[in-house]
There are 2 protein chains.
Amino acid sequence: VADLGEHALLARVLARLPRPGARVLVGPGDDAAVVEPGRNLRLVMTTDALVEHVHFSRAWSAPADIGHKALAVSLSDLAAMGAAPQWALLSMALPQSCLVAEVEGIVDGLATLARAHGVSVVGGNLTTSPSGVAIDVTAVGEVAPRRWLTRAGGRPGDELWVSGTVGLGAVGLAVLREGSGSHPSTPLETAPEVAECVARYRRPDPRVRLGLAMGRGRAARAAMDSSDGLADAVMQLAGASGCGALVEAAALPIDPAARGWWTARGEDAVTKALVGGDDYELLFAVPPRWGGRLRAVRARVTSPALTKIGVLTKGDRIELDRDRHREPMPRGYEHFGRSR
Amino acid sequence: VADLGEHALLARVLARLPRPGARVLVGPGDDAAVVEPGRNLRLVMTTDALVEHVHFSRAWSAPADIGHKALAVSLSDLAAMGAAPQWALLSMALPQSCLVAEVEGIVDGLATLARAHGVSVVGGNLTTSPSGVAIDVTAVGEVAPRRWLTRAGGRPGDELWVSGTVGLGAVGLAVLREGSGSHPSTPLETAPEVAECVARYRRPDPRVRLGLAMGRGRAARAAMDSSDGLADAVMQLAGASGCGALVEAAALPIDPAARGWWTARGEDAVTKALVGGDDYELLFAVPPRWGGRLRAVRARVTSPALTKIGVLTKGDRIELDRDRHREPMPRGYEHFGRSR
């Protein structure tokens, strides 16, 4: 599968699945699926895996961080659909050598985040693993009829808005890779801004309230989370909507700590912020005339902030505007293959 | 975790989860969870993992067998709750060296079984794996209010009934371990009865129609599937129901091919059939006065057959009656620890 790449492999998998039944309103390929179990009832379902040595390292994150993140990534998918999370299932594959205290730590981290969002963990599965820890979380949420947000709803002219800041997660991962923060959950012996990046990488904050408010308030026509990077989110949302996109480099809400860290290393902060993942912010497509609805949501959910970063365009070009010079959007991360 | 064992680890995990919300009707610990998204609507959810080198070997099963089994184990859990399967999510962790044709084979096997049961695969997740293939399937089904079957509903005096036969899966696994059937999906160069055992191990047939009919027809008070062996199912169902159990060795519907295979090797077929897993039959607790309802279900669902194998008793002893001599039930398989 290494030669094919993630998107091509996904397309091959999707082509072989049975045609979804009549009560499947959003099938595979979006942040989550939407099904219709009954009149006026819409359920949103998503599943995500965290695999040791691929998505996390036990040297970089404490067990509770890992448990937190395992649920956070699924809650972020539900948020990107505008759904209210309700139930979760937890499947863990554990090496025989795994300490019981580690397992308890993972469960505690997940349980704390579940409590914070009123999510009931209703079941799961435990099994042995021949190598590392793997955690699979399925989350199920609710959304009102016609209030969910897909990636595909955008139209040319829609404004692109992103929540929070860009770059914290990517710098957090880079800091841990450099080895300066290798002891799990220890405050780093560095500037507090850098510690903030690491904290965000370890414990992303899924934008559940914001996603729900945007869906309920009909303030966006499309949405997606930025788990694989903002560049990837812009490309996926624009592609699913049959649009191109133009992003203003100067408008990107790059976190000051992240910008400082990259600048100090002679790196281009704009490119790094766009391709870096692990932020779990939300990207929305908002028609200009829906500005009133957007303001109403922003008045109700004041944190995180929302920043306009560009527009959807006609055609299929995904471009970045830097000082009035247009260039192709830098490519993000792909699982499988050699792109990282 | 190896020292603690599966059941003790599970208990520790369950103790740390948030208290389930009001709309959780059956929480963690049963074959599946039951939640109430709306009036007159009950959803049943379960997740299961198949991990290479733990649950399957690519030398023993073709990719399509693995995909079939990955969904079958979850459908069997739904069947044991009396639920009609509707939607599934598929999460796969794949080594970079995995062939695209293998992935397609896995998906084809899963898709064929999904089509046969009218299940829509609504989403999923693809990621890289540092070692073997791991497949996590979440299945969601529907059940009418008060028509689901848990493990906990049994009462002393209830008869224990099992579907189909016992032992096919365990002999299938043993045959493959002996190496006589190592080429994936090739008909074995042995007696057809042995080939049948291997086929059942590779492609278990979840008892979806039977489970649904038993729940709808109110023909059982408790149910569980025998994925970890019939002895385990009897112990779990009796334990959850606060009962003991007495099983008649002579009544066990041990598959003739399985019995022959064990007898030829000087093994005790009764013990082997009880502790062996991979059958995916259903065990039911049926009050004697519900015999009419049971007959009605058996008239409607004629295959697989149902066999009475014992009764639930007062107390907590789980016993086997062999030629009027009572002995403790042999212990089944536990993930984690040294019991296999």
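Trainee: What is the volume of the largest cavity, and what makes it a cavity?
Mentor: The volume is about 280 Å³. On a 1 Å grid over the protein atoms alone, a cavity is a set of points where a 1.4 Å probe fits but cannot get out. Points are joined across faces, edges and corners, and the volume is the space filled by probe spheres set on them.

Trainee: On what basis are residues and chains named here?
Mentor: This is a predicted model, where local features need pLDDT of at least 70 and side-chain atom pairs count only at pLDDT 80 or more, while totals for chains, interfaces and linings use all residues. Residues are numbered from 1 along each chain, chains are lettered from A in the order written, and side-chain values use heavy atoms, without hydrogens and water.

Trainee: What lines the second largest cavity?
Mentor: Its volume is about 50 Å³. The lining residues include A:Val162, A:Ser226, A:Asp279 and A:Glu281. Asp and Glu count as charged, and the lining has two charged residues.

Trainee: How many residues of chain A are in contact with chain B?
Mentor: 75 residues of chain A are in contact (heavy atoms within 4.5 Å) with 76 residues of chain B. The buried area is about 5900 Å², 66% of it from carbon and sulfur atoms. Buried area is the accessible area (1.4 Å probe) that two parts lose on being put together, summed over both. In chain A, A:Arg16, A:Pro18 and A:Leu126 lose the most area to chain B, together 11% of what that side buries.

Trainee: Why is the pair A:Glu104 and B:Arg16 called a salt bridge?
Mentor: The rule asks for a side-chain nitrogen of Lys or Arg within 4 Å of a carboxyl oxygen of Asp or Glu. In this pair the closest N and O atoms are 3.4 Å apart. That is within 4 Å, so the pair is a salt bridge. The count between chain A and chain B is eight salt bridges.

Note on methods:
On a 1 Å grid over the protein atoms alone, a cavity is a set of points where a 1.4 Å probe fits but cannot get out, and a pocket is an open set with protein on both sides within 12 Å along at least five of seven lines; lining residues have an atom within 4 Å of a point.
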